[in-house]
Amino acid sequence: MKRVFRVPSVRVFSVVRFAAIALAATTGWLLAGQLSQPTQADEQPAATRTRPARAAGETQLLAFNQATAAKSPKGTGAVSGVVTLSGAAPTLAPLVKKGDPNAKDAAVCAAETVPNESVVVGADNGLANVFIYLVRAPAGHKADAVPKDPIVFDQKGCRFLPHSLLVRVGQTVLVKSGDPIAHNTHTVTVRGTPFNQAIKADDRVGTPLIYDKPEKLPCEVKCDLHSWMKAYHLVLDHPFMAVTDADGKFQIAGLPSGKHKFVVWHEKVGYVNRDYEVEIKADGTTDVKLAVPAAKMAAFNGPAPRSIVVSAAD
Amino acid sequence: MGLFAGCGDQHPSPRFALNKKTLELDKIAREPIVKALQENFGEPNRLIAWQKFPFDYGVADPKAADASRHEAGWRLKEGRELYMRHCLHCHGVSGDGDGPTARFLNPRPRDYRAGVFKFTSTLSGLKPSHDDLKRTLQNGIPGTTMPSFIVLEKGPGNEENLDLIVDYVRWLSARGELELKLVSELAAMGGRKSEIEQRVAEGKKGESSDTLESIMADLKKSIADGFADALQESASDLADSWARVEQPESVVRPKVKRTRPDQESIKRGRAIFLSKEAKCADCHGPAGLGNGSLTEDFWDIPNTNPVQKYKRPGLHDAWGEPQMPRNLTSGVYRGGRRPVDLYRRVFAGIKGTQMPAFGTVLNDAQIWDVVNYAMSLPFHGEQSPYPEEAPEAAPAKKVASSQH
């Protein structure tokens, strides 16, 4: 029972390029060979995120940002701004109440309150965790290396830290845990290879997670052992991305001058704006203000409750 | 073409059905997908073999005794005939797991279009190898309605039959997954009907400057600018992911031999099973009955914004179907009952399910202990009667042993 063919290696396939469409006439068979894309080149680090350290996991992240948040090189510009929630912020019950004896793994997970981070509003109604990014690097952007330093993605008290993370394709994310129980980090990628690995208790070394493909939307990260745990990773093959800090502020530097269309995305709303156009001036910073109506947050809380008439009096 | 040999010739020619997700797109966004699928895959009785994928479609063999092999693509065609005869009624014409028999079955037949397969020898997150799928066909999936097809390769001239089916299944899977990838590309371009309606409504209320015309013009422009690249890129991704699993480094192979399943090992395995470090019991229950606490939790449907919850509590698989963790006391193993099969389930997790990969948490000795424990459960803690195994032969020449 021998197989007759051997599957050629990956390399062969990404090199093969033919555009011909041959027609095997008699059977009506078409054998179409098509071009494959050249492999993606690495690109330059630049922008990113200004966010005060709030928790253990984030100090590391901040270090990463400082390392890469280069000033805009000459001839390029930046966009900086603030996203606010217009209207009253919804009150969200915590995901796990401190001391709740019924919580799963209560000794660890209910040691502290686990807040619901799907809407986080800071000073002056600034809305945190809004992703602002270019889907593709702008034309003419010179590719360069992915940051060597790993980013830390941590979990503590059955909560992912940070809640939103910016990642480059090929960059190492070290998934750590400060909890004395197993967790599981499961990325729900659309394009890339998914990651679904159990994470050791108290893993301070970290299990490496490397995204192999850029995504169009921030990718959900969950834990299959704790149903409430959720975070978002934005994975791109270029540096032009940011996520708003606790006060809704963000900055992206190093952009070529001209008009750019940014995606503005929030987990509770989906697209806040899919084509947010900003004009970048060489050696300047464009300031922008975005407002998300609070109604959008409320409107998406699931279907409205219905009342059912159980018995009708005559 | 004698497609439905034995079923009469009155049938209208079969078509590949569109994915429901494709139908959620506006017509303008749907068109390029339909066209791309037509051009690169054809229809069941007009197959197109896209050379981009690492599948052996069959090179023309002008000297073959069998005249049908004189033309290129004969393997795919023969795979189709076999698939149509033996698999279609459960797995459907397009491999959507929705053949006429499917709705009576639990679990449901695999929908190949997600590109996810559960019982593999490969690392977490990766596709199955050719041999994994072939092993599934040889052994069937015990405990489900998926039968063994080992008889198909018996008899002279039939030796290659299962390979032919496997390649047809992989091709169908690639077709279906490419469609899904393109749907997400077009959704990202703003092609979803619901989103267009919402934007139009917001424009009417004066919340934005969008009008139906401006939205459609943008969409058409995005498609014109981006679709061709998206198609090539998505197909390349897929081709690479199918080629990658045939590389030796994608295969999970235990570094140490199975520990003897003696009482000591079983005891250690039980401790791991119940431990806070592995948490098998959270799903499988402390006694392995498949009734752990996580089967009572309510879960969000992944990647839904706004977030939606599953209607029912408990675990769900990648196809959105509710699912129970295995009752390990039953001794029925869907992915094969060789110890190395269970080792792989634990090391790499079960793809498309919530069971995570433990290769990062447990070392080889620990995995063997927990496997020994799991395999002892049907025997009430006695050592399992399976013989110790020689380590697997080199992967390329591996011939899966039949359990029948």
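This is a predicted model: local features need pLDDT of at least 70, side-chain atom pairs count only at pLDDT 80 or more; totals for chains, interfaces and linings use all residues.

Visitor: How many residues of chain A and chain B are in contact?

Guide: Contact means heavy atoms within 4.5 Å. By that rule, 65 residues of chain A are in contact with 81 residues of chain B.

Visitor: What is the area buried between chain A and chain B?

Guide: The size of an interface is often given as the accessible area lost when the parts come together. Here the buried area is about 6300 Å², taken with a 1.4 Å probe and summed over both parts. Carbon and sulfur atoms give 52% of this area.

Visitor: Why is the pair K213(A) and D237(B) called a salt bridge?

Guide: The term asks for a side-chain nitrogen of Lys or Arg within 4 Å of a carboxyl oxygen of Asp or Glu. In K213(A) and D237(B), the closest N and O atoms are 3.3 Å apart, so the pair meets the rule. Ten salt bridges are found across the interface of chain A and chain B. Which parts of chain A face chain B? Elements that each supply at least two residues to that side include α1 (10–15), β9 (183–188) and β17 (270–280) of chain A; helices (H or I, at least four residues) and strands (E, at least two) are DSSP runs, numbered from the N terminus. By class, the side of chain A that touches chain B has 28 nonpolar, 18 polar and 19 charged residues. In this grouping Ala, Val, Leu, Ile, Met, Phe, Trp, Tyr, Cys and Pro are nonpolar, Asp, Glu, Lys and Arg are charged, and the others, Gly among them, are polar.

Visitor: What makes K216(A) and E185(B) a pair that joins two chains?

Guide: Their side chains meet in a salt bridge at 2.3 Å, N to O. K216(A) lies in the loop between β11 and β12 of chain A, and E185(B) in helix α6 (residues 161–188) of chain B, so the pair joins two chains. Over all chains, the count comes to 39 salt bridges.

Visitor: Why do β14 and β17 of chain A stand at the edges?

Guide: The open sheet has four strands in the order β14-β4-β16-β17 (chain A), with antiparallel pairing. β14 (241–243) and β17 each have a single partner strand, so one side of each is left without a neighbour in the sheet.

Visitor: How do you know that β16 and β17 of chain A pair?

Guide: Two strands pair if DSSP finds at least two bridges between them. Eight bridges join β16 (residues 258–266) to β17 in chain A, so this pair passes. The two strands run antiparallel, and F262(A) stands opposite Y276(A) in β17(A).

Visitor: Which strands form the open sheet of three?

Guide: The order is β15-β3-β18 (chain A), and the pairing is mixed. β15 (249–256) and β18 (285–293) are the edge strands, each with a single partner, so one side of each has no neighbour in the sheet. β3(A) and β18(A) pair in the parallel sense over nine bridges, with G81(A) opposite V288(A) in β18(A).

Visitor: How is β8 of chain A joined to β5 and β11?

Guide: Three bridges join β5 (residues 151–155) to β8 (residues 172–175) of chain A, and these run parallel. Four bridges join β8(A) to β11 (residues 207–210) of chain A, and these run antiparallel. F153(A) stands opposite V175(A), while V173(A) has L209(A) as its bridge partner in β11(A).

Notes. Residues are numbered from 1 along each chain as its sequence is written. Chains are lettered from A and ligands numbered from 1 in the order in which they are written. Side-chain values use heavy atoms; hydrogens and water are left out. Buried area is the accessible area (1.4 Å probe) that two parts lose on being put together, summed over both.
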